[in-house]
Amino acid sequence: MSKPSRLLLKLQAMSFPYALDPNSLDVTQFHKMVLWLEDTQIRLWSESERAALKVLEPFDQWWPQFAKYCGELGYKKPLPPPCVDAGVIKQDQNFRLVVDWLVGKAIRFFYSDEDGVETYSAGHKKYINSGKPPIVEQLQQQQQQQKPKPAPVEKKKDVPFRVDNPEAISSEVTQLCTALQLTPTGDVCP
């Protein structure tokens with residue numbers, strides 16, 4: 001299974017309702033995405049101003065309206081129209097930049113809404129208070145639950161060391177010292 005693109009993940013985070021193939025984005029899909037972002041997330045233009053964005057045909061006349069919209073939204077780079085082949089937009093670097101920028105702007109507006117702020121703030125507070133991301137806490141809890149706990153060790157009573165025959169021990173230590181070619185000391189071997 002292939003990994004979803006960043007564009008799809010960002011759109012899914014805002015509950016984007018339409019199917020979208022970021023690898024072969026056609027004019028209609030792109031148009032729907034722009035309108036949905038403006039109507040539901042960004043809301044820069046009034047309803048009457050959005051009318052210019054809603055009329056798609058022909059694409060080469062719609063693009064200047066889109067470029068004007070992006071300019072008013074704060075996009076600073078030049079925005080030449082992309083090449084369109086049989087209704088599919090040939091994605092060059094400029095097009096990818098503006099799409100990524102527009103979706104990023106929409107996410108910013110999404111999280112500045114009251115509901116988005118609450119969702120974001122709750123997660124952020126939990127992160128700040130814990131000092132680590134919530135996923136790290138979850139993983140640590142899972143690891144602790146999976147670790148087998150060692151069996152308790154029985155504590156034995158201390159048994160006092162008692163020497164019944166000190167001379168026998170002394171002779172054994174002396175023999176051991178001789179075998180190991182060690183010089184016996186006076187504290188163990190008299």
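The side chains of Lys-10 and Asp-100 form a salt bridge, with N and O 2.6 Å apart. The model that shows this pair is predicted. Lys-10 belongs to helix H1 (residues 6-13) and Asp-100 to helix H5 (residues 93-112), so the bridge ties together parts that are 90 residues apart in sequence. The two partners differ in cover. Lys-10 has a relative accessible area of 19%, under the 20% limit, so Lys-10 counts as buried. Asp-100, with a relative accessible area of 30%, is partly exposed.

## Salt bridges

The whole structure holds seven salt bridges. Side chains of opposite charge can pair when their charged atoms come close.

| Pair | Closest N to O distance | Location |
|---|---|---|
| Arg-50 and Glu-38 | 3.0 Å | helix H3 and helix H2 |
| Glu-47 and Arg-50 | 2.8 Å | both in helix H3 |

The bridge between Glu-47 and Arg-50 has its closest N and O atoms 2.8 Å apart. Here both residues sit in helix H3, three residues apart, which is about one turn of the helix. Arg-50 is buried, at a relative accessible area of 7%. Bridges with shared partners join Glu-38, Asp-39, Glu-47, Arg-50 and Lys-54 into one network.

## Overall layout

The protein chain has eight helices and two strands. Along the sequence the pattern reads α-α-α-α-β-β-α-α-α-α. Of the 190 residues in the protein chain, 25% are buried. The chain exposes about 14000 Å², and carbon and sulfur atoms supply 55% of that area.

Contacts also reach along the sequence. Taking contacts between residues at least 6 apart in sequence, 49% join residues at least 24 apart.

## Aromatic rings

The structure holds 14 aromatic pairs. One of them joins Phe-16 and Tyr-18: the ring centres are 5.5 Å apart and the planes meet at 75 degrees, which is over 60, so the pair is edge-to-face. Phe-16 is buried, with a relative accessible area of 13%. Tyr-18 is partly exposed, with a relative accessible area of 39%.

Trp-63 and Phe-66 make another pair. Their ring centres are 5.0 Å apart and their planes lie at 50 degrees, so this pair is tilted. Both residues lie in helix H4 (residues 59-73), three residues apart, about one turn of the helix. How accessible are Trp-63 and Phe-66? Trp-63 is buried, with a relative accessible area of 3%. Phe-66 is buried too, at 0% relative accessibility.

Which residues do ring pairs link into a cluster? The members are Phe-30, Phe-59, Trp-62, Trp-63, Phe-66 and Phe-95. The tilted pair of Trp-63 and Phe-66 thus belongs to this cluster.

A charge also meets a ring. The charged end of Arg-108 sits over the ring of Phe-109, 5.4 Å from the ring centre.

## Around Leu-73

Leu-73 lies in helix H4. Leu-73 is buried, with a relative accessible area of 8%. What does Leu-73 contact, leaving aside its neighbours within four places in sequence? The partners are Ile-42, Leu-44, Trp-101, Leu-102, Lys-105 and Phe-109.

Take Lys-105. Leu-73 and Lys-105 are 32 residues apart along the chain, yet their C-alpha atoms are separated by 8.6 Å. Phe-109 is another partner of Leu-73, and the ring of Phe-109 carries the charged end of Arg-108 over it.

Methods: Residues are numbered from 1 along each chain as its sequence is written. This is a predicted model: local features need pLDDT of at least 70, side-chain atom pairs count only at pLDDT 80 or more; totals for chains, interfaces and linings use all residues. Side-chain values use heavy atoms; hydrogens and water are left out. Helices (H or I, at least four residues) and strands (E, at least two) are DSSP runs, numbered from the N terminus. Buried means under 20% relative accessible area, exposed over 50%, partly exposed in between (1.4 Å probe, protein chains only). Contact means heavy atoms within 4.5 Å. Accessible areas come from the Shrake-Rupley method with a 1.4 Å probe; for residues, only the protein chains shown count as cover. Rings of Phe, Tyr and Trp (its six-membered ring) pair if their centres lie within 6.5 Å; planes under 30 degrees apart count as stacked, over 60 as edge-to-face and the rest as tilted. A charge sits over a ring if NZ of Lys or CZ of Arg is within 6 Å of the ring centre and within 35 degrees of the ring normal. A salt bridge is a side-chain nitrogen of Lys or Arg within 4 Å of a carboxyl oxygen of Asp or Glu.
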